[in-house]
Structure formats: C-alpha cells, structure tokens
Amino acid sequence: ATEGKDGASAAENTPPQVPQGKQGERSSVFYSAGQFFFEYLVVVSLRKMPDGHYEPKITYQFPKRENLLKGQKEEEERLLQAIPLFCFPDGKNWAPIAEFTSETFSFVLTNVDGSRKIGYCRRLLPSGRGVRLPEVFCIISCLGCFGLFSKILDEVEKRRQISMAVIYPFMQGLRESPFPAPGRTVTIKSFIPESGTELIELTRPVDAHLEHVEFQALLQRLSPHLILHIFASAMLERRLIFLAEELSVLSQCIHAVAALLYPFTWAHTYIPVLPECLLDTVCCPTPFMVGIQMRHLQRVLEQPVEEALIVDLCEGKIIRAVGDEEEILPGKLQNEMLVSLNRHNNNNNVHTSEQVNALVSEAFVQFFVRLVGHYGSHIKWGRSGSGSFQERNFCKAITSRSCRRLLKKFVKTNMFSLFIEEAEKSRIPHEGNG
C-alpha cells in the first residue's frame with residue numbers, strides 16, 4: 001500500500017465530539033525521546049445499523065485507562081468519539097468485500113489547549129474466506145514519526161493475520177520501551193507462535209522535522225510549477241482544497257505541502273482527510289487546508305466556496321484558482337526553486353526518500369532565509385529581556401521591490417506572527433542573515 005502522511009486535524013467548524021484547536025494558536029507535536037511510543041491502540045470495526053448501513057465503532061482499546069480525573073475523562077471521551085470518524089472518513093459506503101489492499105494513512109486531532117495527537121492507521125481486511133468487512137488499527141500518539149509507526153503497523157498487520165491475541169503482547173512491549181532520540185534505534189522483543197522470538201528494530205530518522213513527511217509523493221503527482229503555486233497560496237494563508245480518491249494519497253500530499261512551510265507552521269483549519277459529514281468545511285471564510293475524496297468533487301463545486309485553490313492530485317492539475325498564483329513569488333526566487341525542484345524531480349537522479357526530503361526542504365528553507373532571514377536584526381531588546389519586532393524597518397531592509405511586496409503580505413500572516421512571538425521570547429544571538 002502507498003503510505004500516507006499526516007491526515008485530518010480537527011479545528012474550527014468541526015462537530016462537538018471532535019477535539020478542537022483554537023484558531024491561530026501554536027500547536028506542536030513533541031519529539032522528545034523517552035516518552036511512551038503511544039497512548040492507545042484502538043480497533044475500529046464496521047457495525048451494521050438497523051437501517052442497513054454500516055457505522056464505524058471502536059471495538060477494542062488498549063490500554064484501558066482508569067482513575068482519570070473529570071477533565072481527563074471528558075478529554076478521553078471526546079478523543080474516542082472522534083477516532084472512528086477519521087478511521088472511516090469515506091462515510092457509509094461500505095459493504096462486505098472479498099478483497100482489499102491494506103492502506104496506511106494518518107490524521108491529527110487538536111486539543112483545546114493546542115496540543116496535537118496523531119492517529120496512525122492501517123485499514124485492512126482480516127484473514128479469512130468469503131466476504132467480510134475491513135477494520136482499522138489506529139495507534140494514537142503525540143509523537144510525529146510516520147515511517148517508524150508505519151513499520152509498527154506492518155508488525156500489527158502481520159500478527160492480525162495470525163490472531164488478535166498475538167498483537168497485544170507486542171504492543172505492551174512497545175509501550176514499555178522509550179521513544180528513541182533522533183538517529184537512535186530501540187529493539188523490541190516479540191514472540192510469534194511457530195516463529196519464536198523476534199527482535200524488531202525501530203530506528204528514528206536523524207532529522208526530526210522531516211520524519212513525518214514524504215516530498216516524493218508530491219513530486220510524483222504535481223509539476224514543480226504547480227507545487228510553487230500551491231506553496232505561494234499556503235504561504236499567504238489562503239483556502240486550499242486537494243482532491244484524490246485514496247486516503248493515503250490525500251494525507252501524504254497535504255502533509256508534504258504543510259511541511260514546505262518549515263520553519264513556519266500552518267496555524268489554521270487543517271484536515272487532510274476530510275470526513276464526508278464535514279464537507280461544508282469548504283464554506284468556511286477563514287483559511288483552511290483540506291483533502292476530499294474525488295467522489296465528492298461535484299458536491300464541493302456546488303458549495304458556496306469563497307476564493308480557493310482546488311487541486312486535483314489524480315490528474316496533477318488545478319481545477320479552480322484565484323488567478324494571481326503566478327505572480328505571488330518574486331521571479332528570481334521562484335526560478336531558483338524551479339531549478340532546484342526540477343533537479344530533484346529528474347528520474348535520472350536516483351535519491352533515497354531521505355535524500356529527496358532533505359534536498360526539497362533545503363530549497364524552501366533557503367527561500368525563507370533569503371526573504372526573512374534578517375528578522376533577528378530587527379528585534380529590539382529591552383532591559384527586561386523582552387523583545388520588540390520592528391516590522392517597518394524589517395520590510396524596508398529588503399531592496400528587491402518584488403520581495404518587499406511579498407514580505408509586506410507575509411508579515412501579516414498568522415504563521416509569521418506566531419514565529420516572531422516565539423523569537424521575541426527567547427533572546428538568542430542571531431546573525432544578520434539568519
């Protein structure tokens with residue numbers, strides 16, 4: 001199965017049962033070593049309702065948490081109510097089937113305090129004969145490392161084909177192991193009937209900010225030119241809608257788009273796998289980044305959507321645009337990034353996934369260095385140690401008119417404001433060119 005990346009994040013305009021994040025509040029996924037690998041493993045199964053359709057329900061939860069305080073219990077209940085919706089976001093269009101290729105995707109739920117939990121999902125068909133219903137194994141963790149959790153889900157799926165009972169000792173061993181530091185490996189011992197004890201090595205990538213992204217998926221589906229149009233729209237915090245049929249493609253590509261903004265963070269509604277019941281999110285007047293299955297395209301086009309960029313990931317084209325996407329990025333910087341993306345997109349250049357991630361990320365980081373890398377020189381520090389950003393002087397310091405025009409728009413975005421707020425709090429010496 002194609003492996004997806006970040007999936008759906010509950011934000012504003014979501015139903016009450018979904019944990020919600022405050023608009024514009026900085027949300028972070030923690031990468032500290034030594035934490036639990038995960039909070040829960042849940043199994044979401046389809047249950048037939050009296051009217052004949054199927055609804056997803058949690059049929060198993062590990063571990064069961066007891067002695068929770070009232071606030072913790074309420075938070076857990078909201079989380080457990082939201083999970084089935086995102087494990088089966090494609091609505092009620094299910095029936096027993098004989099064959100199904102397992103797929104991997106992920107979603108993010110944002111809590112009221114801005115903290116995030118990631119759901120890593122493997123949707124599969126249990127072993128057996130005849131028609132049967134797929135189920136989803138979902139690992140809930142506050143740790144962002146898709147490659148590592150995808151390997152864990154491989155082990156879960158392998159054990160599922162033997163017996164459900166073989167899964168739980170493995171997950172218990174995982175829960176008792178510390179999350180490794182970047183570049184380090186943790187070894188899990190696991191017993192499988194007829195195979196004996198296995199040693200499973202789980203290695204974390206060296207570069208933490210790239211361990212939850214796969215840029216190659218974006219390069220395979222969209223031209224470098226379109227990627228830059230999408231990047232420019234995201235940079236100005238516009239409304240972006242992505243269309244594909246596979247959940248893995250949606251979650252993979254949209255997370256890659258959000259990762260292009262590093263070291264800035266998308267701070268608005270972010271739902272890379274939008275459940276069918278939340279389709280009216282596209283009517284939201286505030287910025288959003290959402291992914292919708294292609295089968296719902298007509299419904300989306302019929303909605304009163306304000307100006308938005310609608311991207312077809314299947315055909316690699318833009319269905320609807322604002323119209324100025326070509327003009328947002330300064331010509332010289334845009335051409336430099338096009339050269340860089342075309343070089344990485346050249347099939348004659350054989351790169352590993354990690355190499356592609358590093359090369360693409362570097363191109364966009366350098367863009368931000370050229371545009372805003374001088375920000376540290378324009379924070380005025382008071383005697384108390386608090387900083388004050390001098391926005392006007394910061395913009396005037398750029399000599400290029402096209403860069404200055406973009407900069408004046410970018411400094412008004414939520415993501416730049418959050419970035420500067422953090423910089424004003426921490427007095428760390430900055431070089432003039434950042």
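## Close-up views of a predicted model

View 1. Residues are numbered from 1 along each chain as its sequence is written, and side-chain values use heavy atoms, with hydrogens and water left out. Glutamate 237 lies in the loop between α5 (224-235) and β8 (239-244), where helices (H or I, at least four residues) and strands (E, at least two) are DSSP runs numbered from the N terminus. Although glutamate 237 is not a glycine, its phi is positive, at about 55°.

View 2. The peptide bond from phenylalanine 62 to proline 63 is cis, with omega near -10°, and proline 63 belongs to the loop between β2 and α1 (70-87). Another cis peptide bond joins tyrosine 262 and proline 263, with omega about 15°; proline 263 is part of the loop between α6 and β9 (269-271).

**View 3. Helix α3 and what surrounds it.** Helix α3, residues 164-175, has 12 residues and spans 17 Å from its first C-alpha to its last, which is close to the 16 Å expected at 1.5 Å a residue; the expected span is 1.5 Å times one less than the number of residues in the helix. Its buried residues are Val166, Ile167, Tyr168, Phe170, Met171, Leu174 and Arg175. These buried residues of α3 pack against several elements, among them β1 (40-48), β5 (135-141) and α2 (146-160). At the start of α3, a side-chain oxygen of serine 163 comes to within 3.1 Å of the backbone nitrogen of alanine 165.

View 4. The structure holds 23 aromatic pairs, and rings of Phe, Tyr and Trp (its six-membered ring) pair if their centres lie within 6.5 Å, with planes under 30 degrees apart counted as stacked, over 60 as edge-to-face and the rest as tilted. One of these pairs, phenylalanine 37 with phenylalanine 149, is edge-to-face, at 6.4 Å centre to centre and 70° between the planes. This pair links distant parts of the chain, 112 residues apart, with phenylalanine 37 in the segment before β1 and phenylalanine 149 in helix α2, and both residues are buried. The rings of tyrosine 375 and phenylalanine 419 have centres 5.1 Å apart and planes at 70°, so this pair is edge-to-face as well. Tyrosine 375 is in the loop between α10 (353-372) and β13 (379-381), while phenylalanine 419 is in helix α13 (residues 414-425), 44 residues apart. Ring pairs link residues into a cluster that includes Phe231, Phe264, Phe364, Tyr375 and Phe419.

View 5. Serine 361 is in helix α10 and is buried, with a relative accessible area of 6%. Residues up to four places away in sequence are not counted here, and serine 361 touches His209, Leu210 and Phe215, where contact means heavy atoms within 4.5 Å. Histidine 378 occupies the loop between α10 and β13, and its relative accessible area of 16% means that it counts as buried. Leaving aside neighbours within four places in sequence, the contacts of histidine 378 include Ser388, Phe389 and Asn393.

**View 6. Helix α6 and glutamine 220.** Helix α6, residues 247-259, has 13 residues and reaches 18 Å from its first C-alpha to its last, close to the 18 Å expected. Of its 13 residues, 13 are buried, so α6 is largely enclosed by the rest of the structure. Glutamine 220, in helix α4 (residues 215-221), counts as exposed at 58% relative accessibility. The C-alpha atoms of glutamine 220 and cysteine 253 are separated by 9.9 Å, and the two residues are 33 residues apart along the chain.

Technical notes: This is a predicted model: local features need pLDDT of at least 70, side-chain atom pairs count only at pLDDT 80 or more; totals for chains, interfaces and linings use all residues. Buried means under 20% relative accessible area, exposed over 50%, partly exposed in between (1.4 Å probe, protein chains only). A polar contact is a pair of N or O atoms within 3.5 Å; within protein, one must be able to donate a hydrogen and the other to accept it, and residues adjacent in sequence count only if both atoms are side-chain atoms.
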